[in-house]
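Subject: Structure for you to look at

Hello,

Here is the structure I promised to pass on. Please open it next to this email and find each residue as you read.

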Amino acid sequence: MPTVAPLDLEGHCVAAVFLADVPHFALADGSIHRLDNGQKTVRANDGLLAAFHDAPNDRLITGGEDGKVFAVKAGGEVSELASAGKKWITSVAAGPQGAIAYASGKNAFVRFADGKTKEFIHPRSVEGLAFSPKGMRFGVARYNGATLHFPAAEGKPVELEWAGAHTGITFSPDGAFLVTTMQENALHGWKLADGKHMRMSGYPGKVKSLSWSVKGKWLASSGAPAAIVWPFSAKDGPMGKAPLELGTRGNTMVTCVACHPSQDVVAIGYEDGMVIAARFADAKEVLLRRPGKGAITAMMWDKEERRIVFGSAAGDCGVIDITA
């Protein structure tokens with residue numbers, strides 16, 4: 001049975017990540033707690049709204065109600081990267097070559113590693129941001145679709161239209177597909193080579209969590225009583241194919257998913273605080289954590305693939321060691 005090292009915090013956990021192999025928990029009040037020979041705390045934003053794990057640079061990018069964007073590194077080093085005055089920062093992302101993006105209202109900004117910033121104005125509010133893994137381009141989730149920008153080059157953005165409110169956005173690891181979460185209970189996708197649409201609907205709830213498998217062959221999602229895992233290995237993605245349904249439970253919803261770094265396995269967190277791992281090939285399940293306080297809102301595997309850090313909406317956080 002895996003062992004759980006619990007950490008009981010006050011408030012909603014926005015992000016749970018490993019920085020230099022040390023578990024870090026970012027709460028909605030802006031406090032960042034870490035388990036590093038005891039619990040230690042630093043403060044970033046005054047009111048945290050968004051956080052993104054910048055894996056290549058081993059840091060957490062945060063944005064919040066104070067209009068500021070911070071980078072948090074292991075050991076508690078906090079540095080301010082950008083400020084939008086009195087406007088809330090509602091979304092953040094990290095991209096190639098140390099670039100970051102952040103959104104405030106209708107505006108998206110890209111800050112390059114040298115500190116230069118470029119602004120992109122949209123007709124409606126920017127709801128989500130993501131960088132493509134290939135080249136310097138980033139996507140914006142917005143009302144009625146998504147917009148692709150190329151911040152290092154001049155030229156028009158690419159508009160991808162689909163009616164409805166798009167709230168979150170992700171590129172596939174090979175850069176071939178773009179997927180958005182929607183205000184309705186659905187995902188929408190585009191094949192970027194030809195603009196083909198992919199409709200992924202039928203969820204009983206809103207999809208709040210997405211995670212790509214190691215080579216991008218699968219996309220796991222929350223929003224149902226099971227983890228809904230769409231196949232993306234065919235050239236047209238999941239079109240005409242049924243998703244896997246893993247970790248089905250009749251009485252509670254999946255609220256968070258985190259795919260394993262090297263295997264076709266997904267960690268699944270539920271509304272009642274339970275966490276399991278499920279294998280794609282045969283749907284075999286392992287219980288990782290019994291139900292606790294609050295819905296699971298954040299999870300991440302460590303580089304050695306033996307620990308999972310997690311946080312809940314009630315601050316019920318901790319680290320699961322699956323090798324114990």
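**The second largest pocket**

The second largest pocket is lined by P2, H260, Q263, V265, A277, A278, R279, K284, V286, L288, W301 and I322. On a 1 Å grid over the protein atoms alone, a pocket is an open set of points where a 1.4 Å probe fits, with protein on both sides within 12 Å along at least five of seven lines, and a lining residue has an atom within 4 Å of a point. The elements that give two or more residues to this lining are β26 (275-279) and β27 (285-289), and β26 has the largest share, with 3 residues. Strands are DSSP runs of E with at least two residues, numbered from the N terminus. By class, the lining holds 8 nonpolar, 2 polar and 2 charged residues. Here Ala, Val, Leu, Ile, Met, Phe, Trp, Tyr, Cys and Pro count as nonpolar, Asp, Glu, Lys and Arg as charged, and the others, Gly among them, as polar. The space in the pocket is about 230 Å³, where grid points are joined across faces, edges and corners and the volume is the space filled by probe spheres set on the points.

Before you go on, note that this is a predicted model, in which local features need pLDDT of at least 70 and side-chain atom pairs count only at pLDDT 80 or more, while totals for chains, interfaces and linings use all residues. Residues are numbered from 1 along each chain as its sequence is written, and side-chain values use heavy atoms, with hydrogens and water left out.

**The nonpolar cores**

The largest nonpolar core has 23 residues, and C13, F25, I32, L60 and V309 touch the most other members. Such a core is a set of buried Ala, Val, Leu, Ile, Met, Phe, Trp, Tyr and Cys residues joined through side-chain atoms within 4.5 Å. Buried means under 20% relative accessible area, exposed over 50%, and partly exposed in between, with a 1.4 Å probe and protein chains only. Two or more residues of this core come from each of β2 (13-19), β3 (22-27), β8 (68-73), β28 (296-301) and β30 (316-321). Of these, β2 gives the most, with 6 residues. Another core lies apart from it and has 15 residues, among them V254, V257, V266 and Y270.

What does I32 contact beyond its neighbours within four places in sequence? The list is H24, F25, A26, K40, T41, V42, A44, L60, T62 and V72. Contact means heavy atoms within 4.5 Å.

S209 sits in the loop between β19 (196-200) and β20 (210-212). Is S209 buried or exposed? Its relative accessible area is 9%, so S209 is buried. Not counting residues up to four places away in sequence, S209 touches A220, S221, S222, T255, C256 and V257. A polar atom of the S209 side chain lies 3.0 Å from the backbone nitrogen of V257. A polar contact is a pair of N or O atoms within 3.5 Å; within protein, one must be able to donate a hydrogen and the other to accept it, and residues adjacent in sequence count only if both atoms are side-chain atoms.

T255 is in strand β24 (residues 254-259) and counts as buried because its relative accessibility is 19%. A polar atom of its side chain lies 3.5 Å from the backbone oxygen of Y270. With residues up to four places away left out, T255 touches S209, S222, G269, Y270, E271, A295 and I296.

A226 lies in the loop between β21 (218-221) and β22 (227-231). A226 is buried, at 2% relative accessible area.

D66 is in the loop between β7 and β8. Its side chain reaches the backbone nitrogen of K68 at 3.2 Å, and a polar atom of that side chain lies 2.8 Å from the backbone nitrogen of D46.

Most residues other than glycine have a negative phi. D58, in the loop between β6 (48-54) and β7 (59-64), has a positive phi near 50 degrees. N144, in strand β15 (residues 138-149), has a positive phi of about 65 degrees. D58 is partly exposed at 22% relative accessibility, and N144 is partly exposed at 28%.

Regards

How values were computed: Helix = DSSP H or I, 4+ residues; strand = E, 2+ residues; numbered from the N terminus.
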